Amino acid sequence: MLHVRTNPDNSYHVEPVPVFVPMINLKSLSEEDLFEFIKDNGLPQYRAKQLLHRIYEKNVTGINQISEFSRDLRIKLAGQAWISCLDLVTSEKSRDGTVKYLFELEDGERIESVLIPDGQRLTLCISSQAGCAMGCRFCLTGKSGFRRNLKSYEIIDQVLSVNRFISPYKITNIVFMGMGEPLMNLDNVSKAITIINKHVKISRRRITVSTAGVSPGIIDLAQQAPLVNLAVSLNAPDDKTRSLIMPVNMKYGIDKLIQACRNFPLPSRRRITFEYVLIRNLNDSQQHAEAACRILKGIPSKVNLIPFNPVPGIEFKRPDGSKVLAFQRVLLERRITAIIRKSKGADISAACGQLSGK
């Protein structure tokens, strides 16, 4: 771009106007784009491999930390690019060892992630959106409304940030069960899964995507991302009850949801997990259990029974323990694996349905 300036003697002087070139967040680039970035800088391709290794395995937060690069090369690249890192606002640790992290994003939005230790397993529950549009009545996240989708690197950075906090230990399992509906942000979720699997080195068998029941997205997930585990928030076996609890059911009813689950390409000896939040006198009867058995017949599945966690501002109540056991017994008698899950982190509002990013 050129700027023409008139001199006092009415002659003209032409001078260049600086052009602003935005800095590139290297984590926003796909593997292919990162190789292209290296090529555009006249560098050999092995430099891209070094970048990928340093960013995702060694977890560096700045180009100046990449020791394989010369000082001059670090200075050159730092003039063009940067490496993102989430800002930790605060963290809380539960009596049971669960840790909740509150992160702030570049635009001031806040999200929560939850680390759940269980022996040698360290599971991180991550968010895919700021807020949520699903409006499930038992979930606090939906009460804050939907604000925006997370970018792929904001999803990945939750994993990398917590890995830094717990070093020398590392996260072993990932569940997309935090804030938001993953299948409503499928492009960014798929890109994040690909990088987490290939470069953060977490097996796809240890990654689970949970959905409130966005039926078309279930098949799209299998086509766009590495084949990971699928979890479905069922919560009721009939449309009337489920629509009362989960408004998404009015668009994608149980028939569509179950058919999508039947079409999901499960690897051999893998099962779909169906999450069932039990709410007193709403979906916890023996009749509900028997109906759940009928719709799940023929699907390789397991059912996680989750007694509702009381949350201020939500009118539902926790079911009686006897009804929870009776519900489980019906499923077990029909040879459906059914596990009663004890929610962790309830004392720090980190249990199922309690995340709000407050």
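Below are my entries, from the sheet to the helices and then to one residue.

**Entry 1: ground rules.** I am working with a predicted model, where local features need pLDDT of at least 70, side-chain atom pairs count only at pLDDT 80 or more, and totals for chains, interfaces and linings use all residues. Residues are numbered from 1 along each chain as its sequence is written, and side-chain values use heavy atoms, with hydrogens and water left out. The helices (H or I, at least four residues) and strands (E, at least two) are DSSP runs, numbered from the N terminus.

**Entry 2: the sheet.** In which order do the 10 strands lie? I read E5-E6-E7-E8-E11-E12-E13-E14-E15-E16, an open sheet with mixed pairing. Two strands pair if DSSP finds at least two bridges between them. Strand E5 (87-93) and strand E16 (337-340) each have a single partner strand, so one side of each is left without a neighbour in the sheet. From one strand to the next, the twist averages 20 degrees. I also noted a general point: strands of a sheet pair through backbone hydrogen bonds, either parallel or antiparallel.

**Entry 3: both senses of pairing.** I found an antiparallel pair in strand E6 (residues 99-104) and strand E7 (residues 110-118), joined by six bridges. Lys100 stands opposite Val114 in E7. For the parallel sense I looked at E11, which pairs over three bridges with strand E8 (residues 121-125) and over three bridges with strand E12 (residues 207-211). Ile174 in E11 is the bridge partner of Leu124, and Ile207 in E12 is the bridge partner of Ile174.

**Entry 4: the two faces of E11.** Which way do the residues of strand E11 (residues 173-176) point? Asn173 and Val175 point one way, Ile174 and Phe176 the other way, and all are buried. Buried means under 20% relative accessible area, with exposed over 50% and partly exposed in between (1.4 Å probe, protein chains only).

**Entry 5: H6 and its helix partners.** I began with helix H6 (residues 215-224) and helix H8 (residues 254-263), whose axes come within 8 Å and cross at roughly 15 degrees. Axes are lines fitted to C-alpha atoms, for helices over the stretch in contact, and angles run from 0 to 180 degrees between N-to-C directions. H6 and H8 are therefore roughly parallel (angles under 35 degrees count as such). Ser215, Ile218 and Ile219 of H6 make the contact with Lys256, Leu257, Ala260, Cys261 and Asn263 of H8; contact means heavy atoms within 4.5 Å.

Next came helix H5 (residues 186-198), which packs on H6 at an angle of about 35 degrees, with the axes 10 Å apart. Here Leu186, Asp187, Ser190 and Ile193 in H5 meet Gly217, Asp220, Leu221 and Gln224 in H6.

**Entry 6: a helix across the sheet.** I saw helix H10 (residues 321-333) lying across strand E14 (272-278), strand E15 (301-307) and E16, and running at about 160 degrees to E16.

**Entry 7: Ala338.** This residue sits in strand E16. Is Ala338 buried or exposed? Ala338 is buried, with a relative accessible area of 6%. Leaving aside neighbours within four places in sequence, I listed the contacts of Ala338 as Val303, Leu305, Gln328, Leu331 and Leu332. Ala338 and Gln328 are 10 residues apart in sequence and 6.0 Å apart in space, C-alpha to C-alpha.

How values were computed:
Parallel < 35°, antiparallel > 145°, perpendicular 65-115°, else oblique.
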